[in-house]
Amino acid sequence: MNFDFSLVTDSIPKMLVGVGLTFQLMFLSAIIGLVLAVVLLLMRLSGKWYLGWPAQVFIYVFRGTPILVQIFIIYYGLPQFEAVRDSIFWPILREPFGSAVLALSLNTGAYVSEILRGGVLGVDRGVLEAAKALGLSARQKFIYITAPIATRLAIPAYSNDFISLMKATSLASTITLMDMTGIARTIVAKTFAPYEIFISLAIIYMIFTFIIQKAFGRFERYMSKYVNP
Amino acid sequence: MKLSTLKFLATASVVLFASGSVSAEPLRVGMECTYAPFNYRTADGELAGYDVDVAKGVAEIIGAELEFVCQQWDGMIPALLANKFDLIIASMSITDTRLEKIDFSGPYRDSVGRLIGRSDADLNLFDDSGEPIAANFAGLRVGLERASTYENWFNAVLPDAEIVLYDGSEPLYLDLQNGRVDMIMTNPMKAQLRFLSEEAGGEFGFVSPAISEVEYFGIGVGIGLRQGQDELKERLNGAIKELINNGSLTEYALKIFPFPIHNPAWGDS
């Protein structure tokens, strides 16, 4: 087994062409997922069964099934229905990109909502009682006290999920998207050199993970500036 | 002791029979036996299919007795080299990589691609002589299998088409039905059986002639044999040409497909 370094140096620039698509998938899904997560969280915290229940079912379904299966159901499964193909969503679902973003958003939304709930439940009771004693309304309490503290508590777990999301974007290559992984798989199919190409790809993903970790580390320190003197 | 005697006898008989023009020794033919419609077992356990018909036709002409050996695809060439059988008649395309290890007869089946799209779409993609009109492909989405011969052909001949790469033929059919791609390019024989003849394929049909430029598609499917058997190879080539010229190959194909799957020009000398 020879390790062909020239293949590595040749293939990395080609794979980096797909960085843009990987990042689009990641950031779009992260933003939509976060909005969805907050909505789900509020539904669960509302204390009303007709809001809490659907949220719980949604989270259960999307945490309980592999993301690859979700992508396949959305990409190959939904268009089997005439109604979907005739609907206003078809221009989005027709595109592999739209399908991938939808699947990734729904999935990450379910996970992040649970992470945020952990943050909310972790807010110290004493602080909340102090807020109540100061006469803050329930809404004010949530916006000014619970939300900032819960966010800080949730950051470490959220950064984990963000990294998972970044890696999950590689699954978009299974539905014809040419992200970094899609490009790598095409190169492998042509060169019969899985070893060199996939190791190069792994290194690129590791570099991105490192950057994301550092960024979240900074954010966490910023959010904790009044906690750790 | 016994073994070496047997070996001696075997060698002696090979030498004897190889010198004669008609071999009483059965020709052992390796195939997968699971690759419908080319070589497979029927419900009664009989081997059938295009490859099987070709093997029988060739054997009849060169006057050999046939013996079929079922062998998994990935071990086909090693088994031939290890003398487990004498010929590969298993829909194996003649490629340069394989020619480094084994020898091939002339082709008996096409290695082709054909475009499939909506039958009712009037796209005007090919001119009367069957040449693609490149401008009319601009912006069309074409589904292909990753790193297939079809991809090479498209990149070289029709770079204006938008190519979408898949990992297998089933997703190709699905996305064609779903309208995500305007057409797909694949093996017409498999597509006919797996898709076009099924209910789901009803609205679709071939929208191109068979495309088989040797530069991109190879010369075709041939009979594999060990290197250095030029005399046997000549007899196989003669038999294949006879099968082409007397219409047998067409007849074998029409049992399965509505079209022949070889190039009549191969029968010329």
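I read along chain A and got the pattern α-α-α-α-α-α-α-α-α-α-α. The tally for chain A is 11 helices and 0 strands; helices (H or I, at least four residues) and strands (E, at least two) are DSSP runs, numbered from the N terminus.

A note on ground rules: this is a predicted model, where local features need pLDDT of at least 70 and side-chain atom pairs count only at pLDDT 80 or more, while totals for chains, interfaces and linings use all residues. Residues are numbered from 1 along each chain as its sequence is written, and chains are lettered from A and ligands numbered from 1 in the order in which they are written.

More on chain A. I looked up the span of its C-alpha trace along the principal axes: about 70 × 55 × 25 Å. Of its 229 residues, 32% are buried, meaning 20 or more other C-beta atoms lie within 10 Å of the residue's own, with exposed at 12 or fewer, partly exposed in between, and C-beta atoms placed from the backbone. Of the contacts in chain A with a separation of 6 or more, 77% are between residues 24 or more positions apart (contact: C-beta atoms, placed from the backbone, within 7 Å).

On to chain B. I count 10 helices and 13 strands here. The C-alpha trace spans about 70 × 40 × 30 Å along its principal axes, and 38% of the 269 residues are buried.

How is chain B divided? Domain 1 takes 24-110 + 219-267 and domain 2 takes 114-216; the bounds come from an automatic or database domain assignment. Their C-alpha centres lie 28 Å apart. Between them, 5 residues of domain 1 contact 6 residues of domain 2. The domain 1 side of that has 4 nonpolar, no polar and 1 charged residues (Ala, Val, Leu, Ile, Met, Phe, Trp, Tyr, Cys and Pro count as nonpolar, Asp, Glu, Lys and Arg as charged, the others, Gly among them, as polar).

Then the chain A to chain B contact. It takes 10 residues from chain A and 11 from chain B. On the chain A side, helix α10 (residues 180-191) gives the largest share, 4 residues. By class, that side has 3 nonpolar, 3 polar and 4 charged residues.

Last, confidence. Chain B averages a pLDDT of 84 (the predictor's confidence in each residue, from 0 to 100). The model scores ipTM 0.73 and pTM 0.72.

Definitions and conventions
Contact = placed C-beta atoms within 7 Å.
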